[in-house]
Structure formats: structure tokens, C-alpha cells
Amino acid sequence: EVQLVESGGGLVQAGGSLRLSCATSGFNFDDFAMGWFRQAPGKERALIACINDRGTATSYTDSVKGRFTISRDRAKNTVALQMNSLKPEDTAVYYCAADPMCRTMILSEHWGQGTQVTVSS
């Protein structure tokens, strides 16, 4: 059974940092790209960061470029999202997902339960 479990969310002041982690099991981690999505209240879930299966290429949505960093640990089968310079507009539920390629990540059928990030002004 594929399992993705996010952790690390919480309440932080604007300008602060959080590090999200996603623990995975039930599939061959090395064969999948990993992505982070977020969904703010009243908005659709959106892909914000992706890393390829080998960890050699990353991509980010414009709103988080330069502030967020996605990484993966192939020994631990985990993916992380380091979030710096957080803004109130980063408030959302954050989800990790797995798919063979970043370009098809939006079609992923494998999701975690999400972790809440709240940034206060």
C-alpha cells in the first residue's frame, strides 16, 4: 500500500521558516518524482515544487522561487520542503505526492493527508 505522511507544519510568524517532511512507503521511491502541493481556503490545490526521481532537477512555481527548496533523501525515502521567508499568503494545507514524472505530477493518484501551515502577519 502506498503511503505518504507529511509532518512539520505549524504556526509561524511572517519572515520565519518551516521544514516540511514527507515519509513514504509502499512503492519504489527511486522510480518516482516527488512533488509538494498546497491548497489555501477557497482555492484549488496547486503544485508548488517538484523534484525528479534522481534528485537532479527541481522546479518551482514563481511565487515560491528563491524561498522554498525541495530535496529528497533516497536512503530514507523521504522528501522535504524547506520554506524560508514565509508570507501570510503561504498559509495553506501542504501535501506531498508521487508520480513517475514532474510533468505529470498534477495527475498523481498518490497523496498524503496534508499538513497545515499558518503564517501570521
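Tutor: R38 counts as buried because its relative accessibility is 13%, where buried means under 20% relative accessible area, exposed over 50% and partly exposed in between, with a 1.4 Å probe and protein chains only. The model is a predicted one, in which local features need pLDDT of at least 70, side-chain atom pairs count only at pLDDT 80 or more, and totals for chains, interfaces and linings use all residues. Residues are numbered from 1 along each chain as its sequence is written, and side-chain values use heavy atoms, with hydrogens and water left out.

R38 belongs to strand β4, residues 33-39; strands (E, at least two residues) and helices (H or I, at least four) are DSSP runs numbered from the N terminus. The side chain of R38 makes a polar contact of 3.4 Å with the side chain of S63. A polar contact is a pair of N or O atoms within 3.5 Å; within protein, one must be able to donate a hydrogen and the other to accept it, and residues adjacent in sequence count only if both atoms are side-chain atoms. Setting aside residues up to four places away in sequence, R38 also touches a number of others, including E44, R45, F68, E89, D90 and Y94. Here contact means heavy atoms within 4.5 Å.

A polar atom of the S108 side chain lies 3.0 Å from the backbone nitrogen of H110. Beyond four places in sequence, S108 touches A97, A98 and D99.

Apart from neighbours within four places in sequence, L11 is in contact with T118 and S120. The C-alpha atoms of L11 and A57 are 30 Å apart, and the two residues are separated by 46 positions along the chain.

N77, in the loop between β7 (68-73) and β8 (78-83), has a positive phi of about 55° although it is not a glycine. S85, in the loop between β8 and β9 (92-99), likewise is not a glycine and has a positive phi, near 50°. N77 is partly exposed, with a relative accessible area of 27%, and S85 is partly exposed at 40%.

These residues can now be placed in the whole protein. Its secondary structure consists of eleven strands and zero helices. Buried residues account for 40% of the 121 residues. Of the contacts with a separation of 6 or more, 56% are between residues 24 or more positions apart. The C-alpha trace spans about 40 × 25 × 25 Å along its principal axes.
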